Amino acid sequence: MPPMVKREGGGDLVPISELLSYRLSRTSSALSRSAALRYRREFDVSLGEWRTIALIAADPTLTLNRLARRAGLDKAQVSRVVRGLVERGLVGRTEGSGRSRQLALTEAGVTVYRGLIAAANERDATFAEVLSGEEVRVLGRALEKLTDLALSLERRERDQLDDD
């Protein structure tokens with residue numbers, strides 16, 4: 001184990017491998033990588049394509065801008081993913097209000113989505129199996145709290161950046 005560094009006030013600083021944010025990031029990356037491999041193998045879609053398909057399936061009124069906000073990605077990234085899905089016949093665009101165009105899954109897209117969401121649910125159940133019911137509830141609540149705090153810290157950091 002690496003040597004500890006003393007914090008201001010006398011406490012020890014933990015090494016990166018023990019930081020909660022680092023451990024969550026590593027876990028998230030491992031989950032994403034294994035999902036990406038399975039979804040590529042079984043459905044020939046990337047993780048970004050899977051998330052796009054799933055978000056469109058969940059809200060058939062999405063426009064490209066709203067999809068980018070929901071996905072937490074840059075509009076240009078989302079635009080490239082959507083363009084590829086349109087070219088593959090999995091997503092279509094329909095006229096929305098004003099100049100906006102709504103995104104919708106095609107019949108082929110719905111078929112792919114059904115397979116993907118079944119695989120995602122199966123993976124989720126596999127992860128939940130290693131936890132007790134109480135651990136699942138506690139983890140869910142802990143993730144909600146951490147997400148709320150992380151978003152609050154992000155806003156604070158953006159505000160400070162804007163002030164500089």
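**Notes on the model**

1. Let me start with one side chain: Glu144 is partly exposed, because its relative accessible area is 46%. In these notes, buried means under 20% relative accessible area, exposed over 50%, and partly exposed in between, with a 1.4 Å probe and protein chains only. Glu144 meets the side chain of Arg141 in a salt bridge, 3.2 Å from N to O. A salt bridge here is a side-chain nitrogen of Lys or Arg within 4 Å of a carboxyl oxygen of Asp or Glu. Arg141 is partly exposed too, at 43% relative accessible area.

2. A word on the ground rules. This is a predicted model, in which local features need pLDDT of at least 70 and side-chain atom pairs count only at pLDDT 80 or more, while totals for chains, interfaces and linings use all residues. Residues are numbered from 1 along each chain as its sequence is written, and side-chain values use heavy atoms, with hydrogens and water left out.

3. Now the overall layout. The protein has 6 helices and 4 strands, where helices (H or I, at least four residues) and strands (E, at least two) are DSSP runs numbered from the N terminus. Read from the N terminus, the order of elements is β-β-α-α-α-α-β-β-α-α. The radius of gyration is 20 Å, well over the 15 Å that the globule rule gives for 164 residues, so the protein is more spread out than a compact globule. That radius is taken over C-alpha atoms, and the globule rule is 2.2 Å times the number of residues to the power 0.38. Along the principal axes, the C-alpha trace spans about 60 × 45 × 25 Å. Of the 164 residues, 21% count as buried.

4. Back to the charged pairs. Side chains of opposite charge can pair when their charged atoms come close. How many salt bridges does a search of the whole structure find? The search gives 11. One of them joins Glu154 and Arg158, at 2.7 Å from N to O. These two residues lie 4 apart in helix 6, and therefore about one helical turn separates them. Glu154 is partly exposed, with a relative accessible area of 36%, whereas Arg158 counts as exposed at 52% relative accessibility. Elsewhere, salt bridges that share partners link Arg38, Arg41, Glu42 and Glu122 into one network.

5. The surface patches deserve a look. Patches are made of residues with over 30% relative accessible area and no salt bridge; like charges are joined within 9 Å, and nonpolar side chains (Val, Leu, Ile, Met, Phe, Trp, Tyr) within 5 Å. Leu20, Leu24, Val130, Leu131, Val136, Leu139, Leu143 and Leu146 form a nonpolar patch with about 630 Å² of accessible area together. Two or more residues of the patch come from each of helix 1 (20-43) and helix 6. Helix 6 gives the most, with 4 residues. Leu143 sits in helix 6 and is partly exposed, with a relative accessible area of 38%. Areas come from the Shrake-Rupley method with a 1.4 Å probe, and for residues only the protein chains shown count as cover.

6. There is a charged patch as well: Asp159, Asp162, Asp163 and Asp164 gather in a surface patch of negative charge. Asp and Glu count as negative and Lys and Arg as positive, with His and the chain ends not counted. The place of a charge is NZ of Lys, CZ of Arg, CG of Asp or CD of Glu. Asp159 belongs to helix 6 (residues 133-163) and counts as partly exposed, at 45% relative accessibility.

7. Asp44, in the loop between helix 1 and helix 2 (47-58), has phi near 55 degrees, a positive value in a residue other than glycine. Asp44 is partly exposed, at 43% relative accessible area. Arg114 lies in helix 5 (residues 107-129) and is exposed, at 59%. Arg114 and Ala57 are 57 residues apart in sequence and 9.6 Å apart in space, C-alpha to C-alpha.
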